[in-house]
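Biologist: I would like to learn how to read salt bridges, sheets and cores in a model. Please take them one at a time.

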Amino acid sequence: MSTPSSSDRSVDTQWMTRALRLAEQGRGFVSPNPLVGCVLVDRDGEVIGEGAHLRFGDAHAEANALASVQDSDSLQGATAYVTLEPCTHQGKTPPCAPALAESGLSRVVIALQDPNPHVSGGGAAWLKAQGIEVEIGVCKGEAEEQNRAFLHWIETGLPYVQLKWAQTLDGFSADHEGNSQWISGKESRRLVHQWRSEVDAVLVGSSTVLADNPRLTVRHVEGRQPRRVILDSKGTLPPTAQVFQDEFSDKTIWITAQSAQSGQPSVDPMLELLSSHPFNGIRLSVEQDDQGHCSLRHVLRALAEQNITSVMVEAGPTLSASFLRENLVDQIDVFTAPILFGKGMKAVDPSVWGKHVVEDNGGKGRLPTRFVTTETFGQDTLTTYRF
C-alpha cells in the first residue's frame, strides 16, 4: 500500500472530522454501543452518503450511510470514512464490513480499531481480504476522546466515573446550616442536566436522598433520562422518596449492602413499606466494605453488568470522598461560584485523595492528572481533571 501524501491525509482528516460530528448525534442514546459516524465519498471527492448510529438496537452508521446513497453506481470505487472499525459479527443488526464490501467501495478509512474482542481487528482484516484498501488511525485521538466511556468500560469492566460538585471560592459545598442548593448559576445547572442526558446513570447516596429528596431528572435540556443509582447500604430509605415513586421509577437502581459471609442483606430493607408502595425499578445487593457500607468497586461492577458504561456521581462530600479514596474516579468536574461562605461544609478534604496524590519536586501533594481544562459558564468557573 502506498504511503498517502500530505494532501491525501488532509482530505482524509476533513472527511473523518465530518464523520466524528455525525457520530455525536447518537450521544446519550446508543449506549452501551459506541458512538459511530460514517461518510461516503465518491471518486470525484463528493459526499454521496452519510449516517450515524442513532439508537441502541437500530441500524449502525455504515448501514444508514449506505441507505442514504441516491445512486448505487456512485459507490463504485468510493471511499468510506468510519469512526470505528466496522463489525463482522451478527448482533442486533447485520454486520457492517460485508455490507461495505458488497457495495463496491474500494477504500475504507477507519479512525479507531474496535477494542471489543468480538471485532478487534477482524473487520479491517476481512475488508482487506476482499481486496479493499484499508487505513486505520486517521483522527484516532479524537475518536478515542469521543468514546472514552465506552473504551474504559470495555478495557476495565467498570463504568467511567465522572465526579461532579459545586463549591464556593473558599471551598465550601454547603453553608454552616447544611444548605447546598444553588451554589452554582443557571448556566452551570443547565450543563449538568446536559451531562445527565448523556451519561448512562447518575449516582447519589442515601444522605442526599434524605436531605433533598431529589428527582435526578433531565429538565433544563431535551434528552434521555438516565438510570438513577441510589446507594442505601442499610436499606432504610423510605420507598416514598421521589426516585422510587415518580414516572421514572423504573429507571432507578436501589443498591443495599450484604454481608460477605452470609451473602444476605445486612438489614431488613423495609419489605412492609415496599408492599404498600410498590417499586418498579431494580433492587441489587452488593458486598459490604469494612465499614458496613456498599463496596464501591462491587457497585461499579454490578452497574457494568447492567450495561452501564458511564456514571456521574452527584453525591455529597462523604460519598464523593469515598470514591476518591478508593481511586475509582476517572474525571472530576468542579464548578466554583463567586460566593464566600466563611464557614460550612468543605467540598473536599485533601486527606481523601488516597493514591491519586503523588509528591512533586517541592514535596507537596498534587494530583497526577493527565488532562486539565478551565471554562467559564455564567459567573462560574468549571475546572475539569482527568486521571
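Modeller: Salt bridges come up 12 times in a search of the whole structure; the term means a side-chain nitrogen of Lys or Arg within 4 Å of a carboxyl oxygen of Asp or Glu. This is a predicted model, in which local features need pLDDT of at least 70 and side-chain atom pairs pLDDT 80 or more, while totals for chains, interfaces and linings use all residues. Residues are numbered from 1 along each chain as its sequence is written, and side-chain values use heavy atoms, without hydrogens and water.

Biologist: Are R386 and E145 buried or partly exposed?

Modeller: R386 is buried, at 6% relative accessibility, whereas E145 is partly exposed, at 34%. Their side chains form a salt bridge of 2.9 Å, N to O. R386 sits in strand β18 (residues 380-386) and E145 in helix α5 (residues 140-146), 241 residues apart.

Biologist: What is the strand order of the open sheet?

Modeller: Two strands pair if DSSP finds at least two bridges between them. The nine strands run β11-β10-β9-β8-β12-β6-β13-β18-β17, with mixed pairing. β11 (282-287) and β17 (371-377) are the edges, each with a single partner strand, so one side of each has no neighbour in the sheet. Strand β13 (residues 331-337) is antiparallel to β18, joined by six bridges, and I332 stands opposite Y385 in β18.

Biologist: How many residues does the largest nonpolar core have?

Modeller: A nonpolar core is a set of buried Ala, Val, Leu, Ile, Met, Phe, Trp, Tyr and Cys residues joined through side-chain atoms within 4.5 Å. The largest has 41 residues, and M16, L40 and V108 have the most contacts inside it. A second, separate core of 32 residues includes V161, W165, L319 and L328.

Definitions and conventions: Buried means under 20% relative accessible area, exposed over 50%, partly exposed in between (1.4 Å probe, protein chains only). Helices (H or I, at least four residues) and strands (E, at least two) are DSSP runs, numbered from the N terminus.
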